[in-house]
Every structure is written in C-alpha cells, then in structure tokens.
Amino acid sequence: MGENKRDIWRPLAEGRPPQIYEPGRLIYLQDTQAEQFYYILSGTVKCFLSSGAGSERTLTLHHSGELIGEAAFFDRQPRVSSAVAVTRCELVSVDRQHLSDVFSRHPDLAVSMLEYLARTVRLLSVHVDGTLLQADQRIARYLLRLTPEADGTIHCTHEEIGEAVGVSRVTVSRVLGDLAKTGAVSTGYRTLKIIDKATLHRMAEADGR
C-alpha cells in the first residue's frame, strides 16, 4: 500500500528465494488459514472477495514493493479475501520464524510494520465510510489509494475500478472522462496517471451525501 517508494520491506527477501507465479495462478484463498504473508518483488497481484453464488469483487491491485496477506497472518484469523497473480510475479513467502529472524537483524522494521498496520486499519475505515459516498467521491478516493509505478503510471481498467468501489464501468468511464477534461488525470489503454492530486482530494472530500 504505497510502501514501494522506499521499498522498506526489502529485508524480508534476505535469504529467501522468490516464488514465481504466472498470470492467473492463485496465491491464497479466502477463508483459509494464513501461515504466511507475501512480499511482492515484482509483478501485480489482485485481491478479491468471492461470494457463495460465485461472483467476485476486486478489492485492490498490489504491485512491486508491497505486502499482501499480512492482516490475516497477524490476527491469526482466516483470510477474508483471495489473491491471484495478474502478471508474472516474484513473491517472497514470509512465515513467523523468518519474520522473527528479519526483525532480530532489522529491529527498526518492526516499528515500520506497526505503523503500516495502523495505516491499513485507517484505510479500511475510510473504505467502509466510502460506501456511503457518491460514485465520483468513491472513485476519487480509490484512485488516491492506488500506488503508481515509478513513472506515475497506474495499471487498472475501468471495470476493475468499478468492481472495487461498487459502481458500473459506464459510471467509471464518465467520471474519468470528466477528470481528464479538467486535466486531473490522463488515461491510456488499461492505464491512467494522476496529474492533479488536489482536484481528486477536493472531489473525495466534497460533501455530496
């Protein structure tokens, strides 16, 4: 969730060869026990919810330098979502013994992990609150939570954004079109760039309830 700017989690890869996941391969399943979490060395991972009826809802996309599956790992409860490789991924599996070894060599990383988990809780609270917002506000908040590549590119489709915030692809296209006209974002094939964060912040915080 935005930690790849400094890649502070790199020590988690020490002494651990990465596992390769080809596109479409499941990394972990909803409702299973979390004996490990994962550090993404490269690639893109999608986290999603599954219903009993077989439908899926995308939660977010994670990229190089980020963590996945850590919440269930730390609270020792079944996973609340599934994860699948979107692109070819290199992942480092982190179990409790390995994490303890890393923390003993890098004690400052334990503090960073506590801060990261606290921010995660805050973001989840914002996400729950966001279900009460107008579509454009929900889309703006979601875009601000996404982590861009080094050149500012965010890899996502209109359908993925819609699934993540609970609106139709048509609505996402309309909102992004309006934002592009104002110069707040630029859009490409399955990509976008945030040009003017201030505009998105104003839209996200607007009182439109």
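User: What makes L179 and A184 count as residues that T199 touches?

Analyst: Contact means heavy atoms within 4.5 Å, and T199 touches L179 and A184 once residues up to four places away in sequence are not counted. A note on the source: this is a predicted model, where local features need pLDDT of at least 70, side-chain atom pairs count only at pLDDT 80 or more, and totals for chains, interfaces and linings use all residues. Residues are numbered from 1 along each chain as its sequence is written, and side-chain values use heavy atoms, with hydrogens and water left out.

User: Why is T199 called buried?

Analyst: Buried means under 20% relative accessible area (1.4 Å probe, protein chains only). T199 has 18% relative accessibility, so T199 counts as buried.

User: How do you know that the side chain of T199 makes polar contacts, and with which side chains?

Analyst: A polar contact is a pair of N or O atoms within 3.5 Å; within protein, one must be able to donate a hydrogen and the other to accept it, and residues adjacent in sequence count only if both atoms are side-chain atoms. The side chain of T199 has such a contact with the side chain of D196 at 2.6 Å, and another with the side chain of R202 at 3.1 Å.

User: What makes a set of residues a nonpolar core?

Analyst: Its members are buried Ala, Val, Leu, Ile, Met, Phe, Trp, Tyr and Cys residues joined through side-chain atoms within 4.5 Å. The largest one here has 22 residues, and I139, L143, C156, I161, L176, L179 and L192 touch the most other members.

Conventions
Buried means under 20% relative accessible area, exposed over 50%, partly exposed in between (1.4 Å probe, protein chains only).
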